[in-house]
Amino acid sequence: MSQPVSADQPPANLPLSEQPPANLPLSPPSAVFAELTGQDAVVAQLSRAAAAAAALLSGERPEPGAMTHAWLFTGPPGSGRSVAARAFAAALLCPDGGCGDCACCRQVLAGTHADLLLVRPEGLSYGVKQTRDLVLRASGAPAGGRWHVVVFEDADRCTEQAANALLKAIEEPAARTVWLLCAPSAEDLVPTIRSRCRVVTLVVPASAAVAKVLMTRDGIEPAAALAAARAAQGHVGRARRLALDAQAAARRADVLRVPLQVTSLGPALSAAATLVRTAEDEAKAVTEELDEPERQALRRAFGEGSTGKGVAKAMRGMAGALKDLEDRQKSRATRVKRDTLDQALLDLAVFYRDVLMLQLGADVELANGDREPDLRRLAAASTPEATLRRLQAIMHCRERLPLNVAPLLAVEDMTLALVKG
Ligand SMILES: [Zn+2]
């Protein structure tokens, strides 16, 4: 058995059997990994890779097999896939292995570092042209002399042709290019790409760990932080929104009223309308926050407001670019709307899961502990079998939505099924 190494006993003097296990970093992890709440195994894996990458650059002998040029970050939404990928990028690009404080780290975390290519689909999928451009840009030598890092968010949204373009780049890697793909699970990528990537598996952090982040970083008081963390099911960003944004919390409350409302046909149909409208409102709030700054940045880039030779010509070019941007924003809005409705359905499913846990007398932490009286009332009023059928109806609705079924129709079918039980 390994024993903890105390600070005043140099580990070098320990007999071999008492060395810390090899999968733990021997030194404290770099500051850039501090964001990765409850992901100790991932932090250990990435720290060793970054150390090996640094050794490669300085001509020392790297730990064999610790570093590779293609990585796949997987984990459920909110587990911090892109946060982890970006922290790893900082650890690779920072001369101090990811101090979190130097200009380089700050640029990586802000997404403006010259050797970092940060890509995410603005529309519903990645096209082949977009991916070919990316592959070409990524193959160049790094300006800072270390690595060229591509963080490819939502890589599961590649079209088949785009995936082929990507595969070629990963099969024949440029010497200093590191690919960091992010996807919900390894199965979401075609096997040819998956098999060439080192998989990093993020876990859903425990509510207590998420609450701790909200308390220490956002100054949220403990009870509210824990309630938000439980409600968000380990999704740090969502937990923060629920704790800080009263409207987001109100929208969630609307969603969770649905199980109490679905008593007969009329209320079921109006509950469906509420669900769809609430998701649309939330999606609108999210996209509006993103759209306007993008439009302003584009106008500034084209020199709007300045005068002089060439400005008029530039402004004509801007019209086209603005149209492009608006198209991309429109398809992003569609995606956010779909994701938001899906999130509402998941909230609903988690609510019924809590009901089921009470019906079965299971000793687990309730995600909706703040609504325990409602949960108990529903649990007493139905059977576990009916709750399971209701859960299935919600999951069925989630499966139908991406198939271009009109959202209101699918949700109405679902709420009617909830009435029936
Ligand atoms: Zn740094």
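Biologist: Hi! Is Cys99 buried or exposed, or partly exposed?
Modeller: Cys99 is partly exposed, because its relative accessibility is 28%. Buried means under 20% relative accessible area, exposed over 50%, and partly exposed in between (1.4 Å probe, protein chains only). Keep in mind that this is a predicted model: local features need pLDDT of at least 70, side-chain atom pairs count only at pLDDT 80 or more, and totals for chains, interfaces and linings use all residues. Residues are numbered from 1 along each chain as its sequence is written, and side-chain values use heavy atoms, with hydrogens and water left out.
Biologist: And what about Cys102?
Modeller: Cys102 has 23% relative accessibility, so it counts as partly exposed.
Biologist: Which residues are the protein donors of the zinc ion?
Modeller: Cys94, Cys99, Cys102 and Cys105, each through SG, lying 2.3 Å from the zinc ion. Donors are N, O and S atoms within 2.8 Å of the metal (3.2 Å for Na, K and Ca); water is not among the atoms, so sites may look incomplete.
Biologist: What spacing do the donors follow along the chain?
Modeller: They follow C-x4-C-x2-C-x2-C.
Biologist: How many disulfides are there?
Modeller: The count is 0 disulfides, where a disulfide is a pair of cysteine sulfur atoms within 2.5 Å.
Biologist: New topic! Is Cys158 buried or exposed?
Modeller: Cys158 is buried, because its relative accessibility is 18%.
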